[in-house]
Amino acid sequence: MPSLLERDAHIDRLDHLLAECLGRAGRVALVDGPLGSGKSELLRVFAARAAERGVLVVGAGCSAQERDLPFGIADRIARSPGWPAGHAERLAALAEPALLADQAEHAGASLNGAGAVGDPAGPPSPALLRACRDLTTALLAAAADTPVLLCVEDIGHADEASLHFLRHLVRHLPQSRVLLVLTDGSTPWPARRRLHAELLRHPHAHRLALAPLSRAGALRLVTEGLGEEDARHRGPGLVDVAGGNPLLLHALVDEHLDRADDPEPRYGPALLSCLHRAGPGVLRVVQAQAVLGEEAPAEDVARLLGERESADAVARIRATLTAAGLLDDEGRLRTEAARAAVLEDLAPHERTELRLRAAQLAHETGSPAAEVARHLVEAGRAPAPWAVAALTEAAEHALLDHRLPTAVACLRLAHKEAAEENDRAVLRHRLAQAEWQLNPSVAARHLAPLTAAVRAGHLGLAEALVLVRYLLWHGRSEEALAVLDLLRARTRPASPAETGALRDIETWLAHTHPGLARGRRVPALPADLRHAVAPDVDPQLRAAAALAGALTRGRAAEAVDRAVQVLHDAHLHGRTPWAEEAALLALRVLLEAGRADTAAVWSQRLLGTAARREVPTATALYSAAHAEAALRLGEPTTAAEHSRAALTHLSPTAWGIAVGLPLGTLIVAESRTGEHRSAAKHLTHAVGEAMFQSLYGLHYLFARGEHYLATRHGHAALADFLSCGELLRTWGLDGAGVVPWRTQAADAWLRLDNRDRAWRLIHEQLSRADADLPHNRGPALRLLAAAGPAGRRGPLLTEAVDLTEASGDRYEQVRVLTDLSRVHQAAGNKRRARLLLRQALHLATMCALKPLAQELLSVSADLGESGPADDEAREPGGAGTLTESERRVASLAVLGYTNREIAGRLYVTASTVEQHLTRVYRKLGVRRRKDLPADLRAGLRKTG
């Protein structure tokens, strides 16, 4: 560790004063500087240099604990070892009676009520003056033979009698061989100014001011302490938090050496060691500021400390610590670790009491509820009558700002301190809502008490309906139905709004948990009351019910506008417990209406908002929704990625029975990408029977069937698909088109070589009300072609290609193109077969559909090595006649992109794309994009 840094000028100045002293010109030097600036180290180094020159070094240090000991510093100077023989005895002899006389005078003044001898406002007593004169005379006589360096540290802590002696000595230093060096930096400002003025008014007195180290000096100190290699990595961080304070830097280096495996500088303990040296008053101010916040004015800090400090004193202490680099230029602690450290230094009961006083102060001064609540939460208590209201208000503001952990902390304490049972029930409900957004598993502990509160009448209809949703999420269906039965019994016929709210929950229940809704629907309301909403019931429940009703009746296409409006307004309803459910149902409407691309855009937008707001439950839900939309678009890698994210944001346990949604999507996605072992592993996840009373269970069951189908377990797949159909018929939802179980069951029958059963199921599917939707009709036509006579396969598959392209489902596109390629191959049209096969292979590779890609490669081998390029080369007016722009458009068209997608990729309008394609068709002699040569894909690589 270096002795001194950036103190050469000060050493030179002291050397010069010592040289004058040796020439019988006594001097006094006041070394002043902020806390930790190196005053003691400077004095130690200079004293060693002086001793080497034969100077007698006499030292005495002052401490706050000895401030009330009269003549204490003077006595220690007189009795210091090293005085020449003969002089030592005389100095000690003079100090003893002087000390006794001063004590007697001090006691007498106190008894008479007069100013004490040590009172700076009063004159020194005659006895003290005589003692100062005699001791000064003896000290100067001792220095006549041997030059003396007299060092007194921290004179701000010296007793007043000793200060009288030092003042007397300073006046008699000229023509002596004494150099008096004093250090100061801890004296309160008014006293310091007075003392410094008295000492420095003499011409032979000099002041040496120490400043914090420069950044270069601080880096050098750290480098010498840690070594170059370690300092290169850790040095800048240590220097940044030390503010150039040498004492703090030394402490940080020592802390780092003791804890070399800790990557972070342990700033808190190092800072504390410095603040403790500054005295308890300084530390109390820093602790009070840490409690109130770094922006707290000095007046508030002083009020928090009570009568112990004034606002001026607080401001001076702040200024002192800022000058020392212990606070930044704004008078604030430099790191959160420093704030935590100074608060941890308080005893627990002291910290709690300080927090409670801070809360009281904030309340009295009209501070925002958030500020009041912050102190109450830190204290862990809220005994004041106004505290629960402040905590509740702060929680509401935190929820509005999406600061969920803060809201939870406020609501927990408010619930703990609330006295009335009704208030406790409402606060518990609000707490459950806030915790639900963070982790439904944590919120589950409130369900039993909340159920009891509903039975006791402490919660209203709105809270009870939310409780039903939470109970169902966790598979506690019997409790949920018991609460519903209770609400039905309590609903007043004269209250249509409450009846409407119950009807909404029943409508929602009939779609999402249809296994529990049979025979439990309330009668329909008159037309003029259907839109009545109870004042305390979430309007998002009405939106969710409307969308659920449309889905239940199989009228998703009619509800698209309503769904888009719900999604558009979703950001306005982030705090309401039914907002997420309404948004998820809106996305479901878009999917069932064949608008998977729109659903993907909205789910991605909602996911981004939830992630920015750091709401884990919403983030997980929208990740799962986006995964399903991606799967509908034939993007299994994206679907798998977001499904895994959904199961990361919330654990499978926290997902409750809704885990069937992300789990099912993940199983299908991995099955399509060939990750069958991983998909099978997900099927081992324990799911309760309650899940199969909901659509989540249906989703999972359908996904399991798809996995079995992909792994050639046809009978197992068929059993799952038929079970889906049985559930939907039992629930009365077979007309809703929730899952295309008939199509997949037909696929399983075909693989089991039972064309008749497959044909019947396909015709049932095509006779449904929603059969004309592209995402339903396309797969059904593909399977109808496979089950029907060979002569009809071409037209059916050609229509299916158009439908799958319109739906955007690339997975289904690959399957249709593959089948159509086989049809052309069987008809002897190998050129067309190769073209379709290459399109299918490109899509399968692009979408990571590994099993399909492998199947296509085997089919490609059967077609032989001669490809479309050979046929095209033989045709007049081939691709070589196309312009660069036409080739780029045609290349993307061959790859399966729609006109709108091509326009987006090439930054042109859709009309321009159509014009280019028209010219391409004319030059190549084809009538539509399906006839375009597959080798045009090479044009994209050449020009792109």
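Leaving aside neighbours within four places in sequence, D770 is in contact (heavy atoms within 4.5 Å) with G737 and N776. D770 lies in the loop between α38 (755–766) and α39 (774–787); helices here are DSSP runs of H or I with at least four residues, strands are E runs of at least two, and both are numbered from the N terminus. D770 counts as buried because its relative accessibility is 16%. Buried means under 20% relative accessible area, exposed over 50%, and partly exposed in between, with a 1.4 Å probe and protein chains only. G594 is 176 residues from D770 in sequence, and the two are 10.0 Å apart in space, C-alpha to C-alpha.

This is a predicted model, in which local features need pLDDT of at least 70, side-chain atom pairs count only at pLDDT 80 or more, and totals for chains, interfaces and linings use all residues. Residues are numbered from 1 along each chain as its sequence is written, and side-chain values use heavy atoms, with hydrogens and water left out.

The protein chain has 48 helices and five strands. Of its 944 residues, 53% are buried. Among contacts between residues at least 6 apart in sequence, 67% join residues at least 24 apart.

In soluble globular proteins, nonpolar side chains tend to be buried together. A nonpolar core is a set of buried Ala, Val, Leu, Ile, Met, Phe, Trp, Tyr and Cys residues joined through side-chain atoms within 4.5 Å. The largest one here has 179 residues, of which L376 and W655 touch the most other members. Helix α23 (residues 461–473) gives the most to this core, with ten residues. Not counting residues up to four places away in sequence, L376 touches L356, A359, R381, A382, W386, A387, L391 and L413. A second, separate core of 52 residues includes L213, L252, L327 and L333.

Turning to a helix pair, the axes of α8 (residues 215–226) and α9 (residues 228–242) come within 9 Å and cross at roughly 135 degrees. Axes are lines fitted to C-alpha atoms, for helices over the stretch in contact, and angles run from 0 to 180 degrees between N-to-C directions. The two helices are therefore oblique to each other, since angles under 35 degrees count as roughly parallel, over 145 as roughly antiparallel, 65 to 115 as roughly perpendicular and the rest as oblique. The contact is made by R215, A218, L219, V222, T223 and L226 of α8 and by E228, D230, A231, G235, P236, L238, V239 and D240 of α9.
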